Amino acid sequence: MAEFLQQLLNGLSLGAIYALIALGYTMVYGVLRFINFAHSDVFMVGAFIGYYAGKLVPEGTIWGGLLVLAIAMAGCAILGMTIERLAYRPLRGAATLNVLITAIGVSLLLEYSGQVFFGAAPRTFPAVFPSANFSVGGLVISSNQIVVIVVATLLMIALEFIVHRTKIGTAMRAVSLNPKAAQLVGINNDVVISFTFGLGSALAAAGGILYALNYPSIEPLMGVMPGLKAFVAAVLGGIGNIPGAALGGLILGVVETFVNGSQWSTYKDAIAFAILIAILLFRPAGLLGKFTVEKV
Amino acid sequence: MKLPSLILATAACAAAALAQDTIKVGEYASLTGKEAGFGQTSHHGVILAIDEINAAGGVLGKKLELVYEDNQTKPGESATAAKKLISRDKVVALIGEVASGRSLEAAPVAQAAKIPMIAPAATNPKVTQVGNYIFRVCFIDPFQGNVMAKFATEQLKAKKVAVLSSVSNAYSLGLAKVFKETFTGAGGQILAEKNFSEGDKDFRAQLTAVKSANVDAVFVPSYYTEAALIVRQARDLGLTVPFFGGDGWEDEQLLKIGGDALNGCYYSTHFSAEDTAPAVGTFVAKYKKRWNGEIPGAFSALGYDAIYVLVDAIKRAGTTDGTKLRDALAATKNFDGVTGKTTINANRDASKPATIIAIKGGKTSFFKTVAP
């Protein structure tokens with residue numbers, strides 16, 4: 001039983017990170033109907049901003065950790081909006097395929113400029129948050145896992161608030177529902193799209209910092225695998241659907257962890273992706289794809 | 001039939017290159033990427049040896065010239081690098097690699113072109129089985145696996161052990177297999193066997209399962225990036241038993257990533273800078289002077305020895321012709337290097353002592369040497 005709970009905890013903390021990245025994919029898909037492949041590299045840049053910012057604050061303090069998190073989120077929000085302005089906005093109205101290929105180009109650009117600026121060798125991420133381990137029964141909880149789950153939950157609640165309780169959130173939902181009609185009622189679509197990119201990128205940065213805290217070895221290609229998994233999580237939950245992305249991330253993290261801990265650990269990715277295929281066969285729109293009225 | 005004849009033609013060109021005034025030695029290494037530590041340290045050893053030989057007048061009246069390529073630790077790049085070095089740069093021999101997987105990629109290229117290749121630290125037996133032009137100057141995994149299995153039984157007094165290996169890494173799988181055979185043969189039990197893939201970062205699931213298996217120690221035959229994260233996450237989960245591994249752990253990044261979590265862990269390797277042998281002392285001093293105080297690791301020493309073994313063979317062969325150089329390399333006997341005496345056996349492997357390193361107080365320290 002202790003082992004089961006421990007694995008569940010491991011899975012939830014991994015899944016929370018997948019969920020944070022998946023939210024960015026799903027929000028951009030909601031407003032623009034395309035997959036922003038550069039998202040996983042914004043995640044990487046977030047971790048690197050955290051790496052450099054982490055050197056400026058004292059290690060192991062809560063305010064230092066939160067400051068690093070805030071700097072990385074702000075930095076990536078600006079990066080995300082810049083990418084949208086320079087690479088995607090000129091293609092507004094072009095075929096989706098063109099935008100998709102541009103996104104792949106931006107992704108490769110970020111990865112390989114990362115290798116030039118940061119170097120290809122892995123670096124050790126500083127322990128910006130205080131770390132300790134707590135033992136509850138047979139269960140060992142590390143403070144990093146708590147940080148991951150708490151920060152991810154708070155960010156998702158904040159996102160839910162922004163989308164449903166603010167003016168800009170209402171505008172986002174309007175653009176997602178029908179861009180032309182939104183424009184007709186006086187919404188500036190460019191501002192809304194730019195905001196969506198900024199918000200999604202800030203969440204990716206938070207995911208990057210939390211990932212690096214748990215697995216403190218960062219390099220310019222670190223975003224590729226988590227990005228792919230998060231994309232799968234977004235599809236699993238129903239792409240374009242915010243609670244779906246969060247649910248998809250958690251499911252993927254937990255399944256992966258349980259398979260990893262079993263005797264079939266060799267096949268962990270195969271099993272995780274087989275589950276995805278099975279779910280999509282029976283529910284082509286994803287788990288929550290059909291139930292929601294609004295798509296963002 | 002077109003391709004082999006083309007490669008033969010390039011080999012002929014390589015022979016023609018002899019007329020030039022330098023002897024070109026090719027090196028492919030992981031100078032950047034996930035295992036940059038392997039490539040950088042062996043590269044530094046290679047450069048030091050070449051500088052020394054050139055300062056002493058070179059070999060056969062010519063200076064050595066190093067031409068090197070970075071494979072970025074990526075699968076698939078080593079064969080391309082080897083092809084480029086052989087066909088365009090016309091090197092007389094190839095030095096590479098530290099990792100068995102990447103050595104296995106380049107070896108068929110060298111074999112087909114009949115250019116001798118010396119792997120400084122690839123320990124998987126399959127590497128030299130590729131063909132009679134492939135050599136190595138280090139011990140092989142069956143020996144290393146035996147040493148660590150004995151070490152587990154005798155020093156760690158472990159009866160129940162878990163093994164955590166990487167399924168996409170030839171070195172890891174080979175070493176795990178030998179270890180399991182020897183350890184169970186000596187009466188030990190393997191209670192948990194878990195796998196992961198290269199580049200994985202999350203090992204908590206496997207480690208949680210290992211923890212429930214209640215073992216005395218955990219064998220992790222992987223490279224340093226994974227090993228460091230594994231031990232760190234194990235300590236986070238409250239798994240306090242010793243972890244031990246092979247020469248793949250050898251890099252300063254291991255301690256940078258793993259930190260204090262690694263205290264009480266052990267690994268086997270080829271060389272220790274703390275060894276009291278006089279040859280080691282001089283080498284360490286020269287190396288530190290050349291590389292701004294950097295302490296040489298096992299792969300620095302093996303890269304250095306690989307060049308000296310090659311030069312010794314060129315001298316005995318009196319030529320850099322691929323076939324004659326191969327024969328001279330195969331006849332290497334009791335060559336005195338900084339990693340001990342090198343004798344190339346019938347399988348083109350070297351049999352050498354293994355060094356066991358203990359990690360204490362966040363530092364590596366020499367534990368003992370095990371003779372072959």
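1. Let's start with the overall build of chain B. A compact globule of 372 residues would have a radius of gyration near 21 Å, and chain B comes out at 20 Å, which agrees. Keep in mind as you read that this is a predicted model. Along the principal axes, the C-alpha atoms of chain B fill a box of roughly 65 × 50 × 35 Å. If you count up its secondary structure, you get 13 helices and 14 strands.

2. Now chain A. Here you'll find eleven helices and four strands. Its radius of gyration is 19 Å, close to the 19 Å that the globule rule gives for 296 residues, so chain A is as compact as a globular protein of that length. Its C-alpha atoms take up a box of roughly 60 × 45 × 35 Å along the principal axes.

3. Have a look at the seven-stranded sheet in chain B. It is an open sheet with mixed pairing, and the strand order is E7-E6-E8-E9-E10-E13-E14. Which strands stand at the edges? They are E7 (189-196) and E14 (363-370) of chain B; each has a single partner strand, so one side of each is left without a neighbour in the sheet. On average, neighbouring strands here are turned by 25° against each other, ignoring direction.

4. Stay with that sheet and zoom in on E6 (residues 160-166) and E8 (residues 217-219) of chain B. These two pair in the parallel sense over three bridges. To find one of the spots where they meet, go to Val161(B), whose bridge partner in E8(B) is Ala217(B). Helix H7 (residues 170-185) of chain B packs on the sheet and touches E6, E7 and E8 of chain B. The direction of H7 makes about 165° with that of E6(B).

5. Ile23(B) stands opposite Leu64(B) in E2(B). How does the chain cross from E1(B) to E2(B)? It goes through helix H2 (residues 36-55) of chain B, and this β-α-β crossover is right-handed.

6. Most residues other than glycine have a negative phi, and most peptide bonds are trans. Leu60(B), in the loop between H2 and E2 of chain B, has a positive phi, near 55°. Gly96(B) and Glu97(B) are joined by a cis peptide bond, with omega about 0°. You'll find Glu97(B) in the loop between strand E3 (93-95) and helix H4 (100-113) of chain B.

7. Back in chain A, check how H1(A) packs against helix H5 (residues 143-165). Their axes come within 9 Å and cross at roughly 35°, and the crossing is left-handed. Among the residues that meet are Leu9(A), Leu12(A) and Ala16(A) from H1(A), and Val148(A), Ile149(A) and Leu155(A) from H5(A). The residues of this contact split into twelve nonpolar, two polar and no charged.

8. Finally, where do the two chains touch? In total, 23 residues of chain A are in contact with 26 residues of chain B. On the chain A side, the elements that give two or more residues are helix H1 (2-32), strand E2 (133-136), strand E3 (139-142) and helix H10 (242-261). H1(A) gives the most, with five residues. By type, the chain A side divides into eight nonpolar, 13 polar and two charged residues.

How values were computed:
Residues are numbered from 1 along each chain as its sequence is written. Chains are lettered from A and ligands numbered from 1 in the order in which they are written. This is a predicted model: local features need pLDDT of at least 70, side-chain atom pairs count only at pLDDT 80 or more; totals for chains, interfaces and linings use all residues. Two strands pair if DSSP finds at least two bridges between them. Axes are lines fitted to C-alpha atoms, for helices over the stretch in contact, and angles run from 0 to 180 degrees between N-to-C directions. Two residues are in contact if their C-beta atoms, placed from the backbone, lie within 7 Å. Ala, Val, Leu, Ile, Met, Phe, Trp, Tyr, Cys and Pro count as nonpolar, Asp, Glu, Lys and Arg as charged, and the others, Gly among them, as polar. A crossover is right-handed if, with the strands pointing away from the viewer, the path from the first strand over the helix to the second runs clockwise. A crossing is left-handed if the near helix is turned anticlockwise from the far one by less than a right angle, and right-handed if clockwise. The radius of gyration is taken over C-alpha atoms; the globule rule is 2.2 Å times the number of residues to the power 0.38.
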